[in-house]
Amino acid sequence: MRGHISAHAVCTAIRDDIVSGVLAPGSRLIEDILAARYGVSRVPVREALRTLQSEGFVTTRHHAGACVAEPTEQEATDLLDIRALLEPMGAARAAVRRSSAHLKVLRGLVRLGRERARHGHPADLRQLDGWFHETLAQAAGSPSLTALLTQLRRKIEWMYVVEPTARVGDAWDEHGAVLDAVARGDAERARALMAAHIERSLPVHRLRRPAAAAVSDSKQPVNTARARN
């Protein structure tokens, strides 16, 4: 049922495969092969590649067509600098605009994060950390800012490995402090605490090495159902 899978779903699936390294930096993205891989026609693939090019995940080369982008070390460094500017702004906006539903979700995430940190569940903590930051971005009440922060986190995940650290419990205490400031409506404190939290997280970010081989010409169909919701 190729016609029923949207360009948005295909875009999400390709982006996920780029971020996870399944589609390696520099590998060619051939429309026919991608269409077979994701079980769709070329039309949504073409639209998806245009979107991913605008986001910086894909580039176009003369005589080669669309390829997975190969970000430079400077571009990767810039991402962390941009995050250091935008996330504190988002926390400050969240302190003013958050809803009771946002606070309920954030409190639940902090409670779970602290519990998992005590019992040592690194896989769970990574996912919970992502949900915390995404929910806080949504609480800022700005679709544009939320979209920027979401794209920024995806790119950082693509370009960096976050090393395990002994201060994982401290990180969740920092999340809790940001949440307290947001709950009290203290925008400046929320901004300052988030800025400090990001600064302390910088040493655990390590640039990924490019994958040795491209896999973009794999013809094995991929289930895009995960991207439809």
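Tutor: Let's start with helix H2 (residues 31-38) and helix H3 (residues 42-55), whose axes cross at roughly 110° and come within 9 Å of each other. (Axes are lines fitted to C-alpha atoms, for helices over the stretch in contact, and angles run from 0 to 180 degrees between N-to-C directions; helices, H or I of at least four residues, and strands, E of at least two, are DSSP runs numbered from the N terminus.) This is a predicted model, in which local features need pLDDT of at least 70, side-chain atom pairs count only at pLDDT 80 or more, and totals for chains, interfaces and linings use all residues. Residues are numbered from 1 along each chain as its sequence is written, and side-chain values use heavy atoms, leaving out hydrogens and water.

On the H2 side, the contact (heavy atoms within 4.5 Å) is made by Glu31, Asp32, Leu34 and Ala35. H3 brings Arg42, Val45, Arg46 and Leu49 to this contact. By type, the residues where H2 meets H3 are four nonpolar, four charged and no polar (Ala, Val, Leu, Ile, Met, Phe, Trp, Tyr, Cys and Pro count as nonpolar, Asp, Glu, Lys and Arg as charged, and the others, Gly among them, as polar).

Next along your request come the strands. E1 (residues 58-61) and E2 (residues 65-68) pair in the antiparallel sense over four bridges (pairing needs at least two DSSP bridges between the strands). You can trace this pairing residue by residue: Val58 has Val68 in E2 as its bridge partner, while Arg61 stands opposite Gly65 in E2. Between the two strands, the hairpin has three residues. His63, in this hairpin, takes a positive phi near 70°.

For another helix pair, look at helix H1 (residues 7-20) and helix H7 (residues 143-159), which pack at about 40° with their axes 7 Å apart. H1 and H7 are therefore oblique to each other. From H1, Arg15, Ile18 and Val19 make the contact; from H7, the residues are Arg154, Glu157 and Trp158. This contact of H1 with H7 divides into three nonpolar and three charged residues, with no polar ones.

Conventions: Angles under 35 degrees count as roughly parallel, over 145 as roughly antiparallel, 65 to 115 as roughly perpendicular and the rest as oblique.
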